[in-house]
Amino acid sequence: MKMKKYVSLLLCALLLMGLFTGCGSGSKAMTSAASYDMAVAEEAPAARNAAGGTLTDSGASGSTVLPQSRKWIVTVYLSAETEDLDALTAALDETIAALNGYVEDQSVYNGSTYSNRRYRNASLTVRIPAEDVDQFTQQVAGIANVVSKETNRQDVTLSYVATESRMTALQTEETRLLELMAQAETMSDLLEIEARLTDVRYELESVTSQLRLYDNQIDYATIYLTISEVQEYTPVEEPTLWERISGGFLSSLKGLGSGLLDLMVWLIVSSPYLVVMAVIALIVVLLAKRARKHRKAKKAPKDESQQA
């Protein structure tokens, strides 16, 4: 009976220790993050002024130097154009492999089969080591026409430190529960300790998975790349009035030529149907003429008899 009371008191003490450890870890994480912010304030003004711990910039060039003492999740959105989608895809595969990255997701649209022009495009989700993300975007700009670029940098230092501290506290509690399990004298004490140990291990697994996810997102930047196959690149600079007029006129001529070409292709492809329809229409016209002549022939004797 005394042993049961002793085990119950120890369990309560462990629960209180876990609660205070979690609170202390959160407080420590907040203190550490605050000290980081003070150290980084002079080093990176962009990070100091960022709202919500997130940095966002857009543009085809330029990069931001991030403080090494922080935990950053980098996400890049790229939109590019190419005249040869297959060649660009092959070049991208080589670049990604050279940077020890990988393609997480890829989809290719090969256009419509009802037109002689195939407007193809591709969407890729690329994972690149975070320290090489600027090098990758620069190489993409060298082999394709980058239309737009947006970079998002999320500071997860506070959440990472708090999660890490929580994992340490759970590991300590797990060790102590195993010691108590070895000392348990009654079945009820053993079942009580096992129930708490199951909860601790379940939470520890969840926290460990969260840390692994953080590590993967921090170590590897995520790049969402959209590629369009075009006949002409989108101009980067704003065109002048004359360039707009001449470009619009040439575009109209190309559109007219493409329309005539599409019409010719359609006529050739649809020629069997058109021949059958023409034959049917000719037969209908001949039958209509024959019926009209027959009616006139019947009407003529009646008119002569009336005149007589």
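The model is predicted, so local features need pLDDT of at least 70 and side-chain atom pairs count only at pLDDT 80 or more, while totals for chains, interfaces and linings use all residues. Residues are numbered from 1 along each chain as its sequence is written, and side-chain values use heavy atoms, leaving out hydrogens and water.

Let's start with helix H5, residues 157-183. Helices (H or I, at least four residues) and strands (E, at least two) are DSSP runs, numbered from the N terminus. With 27 residues at 1.5 Å each, H5 should span 39 Å, because the expected span is 1.5 Å times one less than the number of residues. Its end C-alpha atoms are 40 Å apart, which agrees.

Now look for salt bridges: a side-chain nitrogen of Lys or Arg within 4 Å of a carboxyl oxygen of Asp or Glu. By this rule there are eight. Within H5, Arg-176 pairs with Glu-179, three residues along, about one turn of the helix. Arg-176 is partly exposed because its relative accessibility is 26%.

Asp-155 and Arg-70 meet at 2.5 Å, N to O; Asp-155 is in strand S5, and Arg-70, 85 residues apart from Asp-155, is in the loop between strands S1 and S2. Arg-70 has 11% relative accessibility, so it counts as buried. Finally, Asp-86, Arg-120 and Glu-229 are linked in a network of salt bridges.

Definitions and conventions
Buried < 20%, exposed > 50% of the residue type's maximum accessible area, 1.4 Å probe, protein only.
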